[in-house]
Amino acid sequence: LGYVFTNKTAMLIATACALGALAAEAPEPTREALFAYGTHVGLAFQYIDDLLDAQQSQTGNELNALAVYGGETEAVRTTAEYCTREALKALERVPGDTSALAAFARSLLERLN
């Protein structure tokens with residue numbers, strides 16, 4: 001599942017972040033930090049989405065984070081929180097105002113409340 005998550009949503013968001021930095025001619029450390037941010041935000045998004053989908057699913061037969069974690073919703077939530085913290089840490093290496101990116105990362109967790 002880690003491979004699927006990393007090469008699905010996480011890679012899409014990480015690539016978008018890195019391409020934005022590349023287009024802005026940001027230095028390599030900034031591009032790397034934004035790629036890391038996007039990867040962690042993408043993983044958090046997928047874990048949170050799986051939790052929300054599970055609340056609505058009737059079958060429970062899907063391959064998702066809950067299936068991998070043995071139905072332990074708290075473990076999936078903890079992993080999403082960890083990914084969010086790692087995304088925010090990556091932003092610390094990005095110069096300038098990153099408040100919108102930080103707010104987006106935090107907003108994903110708020111979907112669970």
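Where is the place of Glu25? I found Glu25 in the loop between H1 and H2. Helices here are DSSP runs (H or I, at least four residues), numbered from the N terminus.

I noted the ground rules next. This is a predicted model, in which local features need pLDDT of at least 70, side-chain atom pairs count only at pLDDT 80 or more, and totals for chains, interfaces and linings use all residues. Residues are numbered from 1 along each chain as its sequence is written, and side-chain values use heavy atoms, with hydrogens and water left out.

Back to Glu25. Its phi is near 55°, a positive value in a residue other than glycine. Glu25 counts as exposed because its relative accessible area is 71% (exposed is over 50%, buried under 20%, with a 1.4 Å probe and protein chains only).

I listed the contacts of Tyr37 (heavy atoms within 4.5 Å). Leaving out residues up to four places away in sequence, Tyr37 touches Cys17, Ala87, Ala90, Leu91, Leu101, Phe104 and Ala105.

Last, I checked Leu63. Leu63 is in the loop between H2 and H3. Leu63 counts as exposed because its relative accessibility is 68%.

Notes
Helix = DSSP H or I, 4+ residues; strand = E, 2+ residues; numbered from the N terminus.
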